[in-house]
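This briefing covers a few local features of one protein chain. Please keep the sequence and the 3D view open while reading.

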Amino acid sequence: MNAFGKNSLRKNAQTEHQSGILLNTYLIYFALLLLVFLESPATGTEKDREITRQLAIDLVNEEQHESAAIEYRRLAMLENALPHKAAYYWAAAYEYKQSGNYELTAKMLDHAEDNSSHLTMESMLLRAENAMANNYQDEAVFYFQGLNKRATNNTMKTFACRKLAHAKLAKGNIAGARAALLTPSMNNTDLITHLDLYENEKDKTPWLGGLLGAIIPGLGYAYSGEYANAARSFIINGLFIYGMADTAGDEEWGAFTVISFFEITWYTGSIYGGIDSVHRYNKNRTQTCLDGIDKNTQFSADLSKVPIISLEFSF
């Protein structure tokens, strides 16, 4: 074999040796990547959960409820255990409620209920509060009645009874509110006193307030107890009526027309004001009784313990 042939064989052997080393290097590198890929998700997810959980708690403490809700939603998506996933969605719903975003509160509760059936009462509680905040009193009654039947401890049952009375009174159902407060084993005597006072008084009549405002400007306001508005309406109308009489006596018809235009505005304002003041009186009377029944009745959740749902009721 000549020198050229020997050199060619030597180069081929070197090339094969280098290719073998390169192939082995690639195989080792691929094996390491595969190992990292298989091991990192569990470790990374657990680390992500802990960071997200702490961030959510910090945001709750800072009362950044909307942002906290987003972090609890993130935790729910990172969680594989369905009961824990449901608990995180419930926590997100609670924080959305705290921020006043009632639409997303309901959406998160849907997710919580889809993932677990272990949070029935907790979900009913939030749905009832959500309905009451939106002034959907029929819906609130439905949920509070269900909560009252299902509650296993007296604290939650007392809360449900008082809120049920609130929702029924808001609908104008005084008898239903009284029945809710008279639930056996519930000591609501002081709250029934507020209901008695409300029932003994009567709402004022809107059309009568308007009629009185038409007879004497400001009298409709006085009928509803708004004496400052009554005095203002009486004085302003009196001045304009005096101006009308004075300009008519002097035959100053241009000024009379202008003053009459403004007086018509103030006079009709006295009529409609008398009607509105009656509506305000009736609304405030009901709200006073509702506040007396609620008497700081509220609940809070300790989200630092999630995925364990820990509720605290206060009266």
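Threonine 105 is buried, with a relative accessible area of 0%. The model shown is a predicted one, and the values below were computed from it.

**Threonine 105**
- Threonine 105 belongs to helix H4, which covers residues 102-115.
- Its relative accessible area of 0% is under 20%, so threonine 105 counts as buried.
- The side chain of threonine 105 reaches the backbone nitrogen of lysine 97, and the distance is 3.0 Å.

**Glutamate 226**
- Glutamate 226 is located in the loop between helix H11 (219-223) and helix H12.
- Is glutamate 226 buried or exposed? Glutamate 226 has a relative accessible area of 18%; this is under 20%, so the residue is classed as buried.
- The side chain of glutamate 226 is joined to the side chain of asparagine 229 by a polar contact of 2.9 Å.

**The nonpolar surface patch**
- Eight names make up this patch of about 840 Å²: Trp207, Leu211, Ile215, Ile216, Leu219, Phe234, Ile235 and Leu239.
- Which helices each supply at least two residues of the nonpolar patch? They are helix H10 (206-215) and helix H12.
- Phenylalanine 234, one of the patch residues, lies in helix H12.
- Phenylalanine 234 has a relative accessible area of 51%, which is over 50%, so this residue is called exposed.
- Leucine 211, also in the patch, lies in helix H10.
- Leucine 211 has a relative accessible area of 41%; this falls between the 20% and 50% cut-offs, so leucine 211 is partly exposed.
- Leucine 211 and isoleucine 271 are 60 residues apart along the chain, while their C-alpha atoms are separated by 6.8 Å.

- Where does aspartate 250 lie? Aspartate 250 is in the loop that runs between helix H12 (227-249) and helix H13 (253-294).

Notes
Residues numbered from 1 in each chain as written. Predicted model: local features only at pLDDT ≥ 70, side-chain atom pairs only at ≥ 80, totals over all residues. Heavy atoms only, no water. Helix = DSSP H or I, 4+ residues; strand = E, 2+ residues; numbered from the N terminus. Buried < 20%, exposed > 50% of the residue type's maximum accessible area, 1.4 Å probe, protein only. Polar contact = N/O pair within 3.5 Å; in protein donor to acceptor, adjacent residues only side chain to side chain. Patch = residues over 30% accessible without salt bridge, like charges linked within 9 Å, V, L, I, M, F, W, Y side chains within 5 Å. Areas by Shrake-Rupley, 256 points an atom, 1.4 Å probe, with all protein chains shown as cover. Salt bridge = Lys/Arg side-chain N within 4 Å of Asp/Glu carboxyl O.
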